[in-house]
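I opened my notebook to record, entry by entry, what I looked up in this structure.

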Amino acid sequence: MKRLVILAGCLLSLSAYAYAEGKASEGQRRSATCATCHSANGNEPIKNYPKLAAKNYDYLINALKAYQSGDRLHSAMHAIALDLTDQDVENLAAFYAKQE
């Protein structure tokens, strides 16, 4: 039982660490543009647009940075991502990663 409690504590601390760089509350404030196509919480099915909710934090960061650089092609996402700072990217990733 003691091992189970220790394991649970370790897992909780790791999940908190995963979003340490991004602030979900700031990401939510910055997500208005995203909501147009991906819904307010990133979880509502909208035809032709992927869900963002519960995606991996690092995946979301990498995707947004790829849109910024043009390595991932989508003209609207490229234009939107260009307006994001590194902190915005981390905050948005934290917000959508925390959604269920």
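I looked up N48 and found it exposed, with a relative accessible area of 69% (exposed means over 50%, buried under 20% and partly exposed in between, with a 1.4 Å probe and protein chains only). N48 lies in the loop between α3 (32-38) and α4, where helices are DSSP runs of H or I with at least four residues, numbered from the N terminus. Phi of N48 is near 75°, a positive value in a residue other than glycine. I noted beside this that most residues other than glycine have a negative phi. A54, in the loop between α3 and α4, also has a positive phi, of about 65°, although it is not a glycine.

Before going on, I wrote down that this is a predicted model, in which local features need pLDDT of at least 70 and side-chain atom pairs count only at pLDDT 80 or more, while totals for chains, interfaces and linings use all residues. Residues are numbered from 1 along each chain as its sequence is written, and side-chain values use heavy atoms, with hydrogens and water left out.

Of its 18 residues, Y57, L60, L64, L92 and Y96 touch the most other members. I saw that α4 (57-69), α5 (75-82) and α6 (86-98) each supply at least two residues of this core, and that α6 gives the most, with 7 residues.

Notes. Core = buried A, V, L, I, M, F, W, Y, C linked by side-chain atoms within 4.5 Å.
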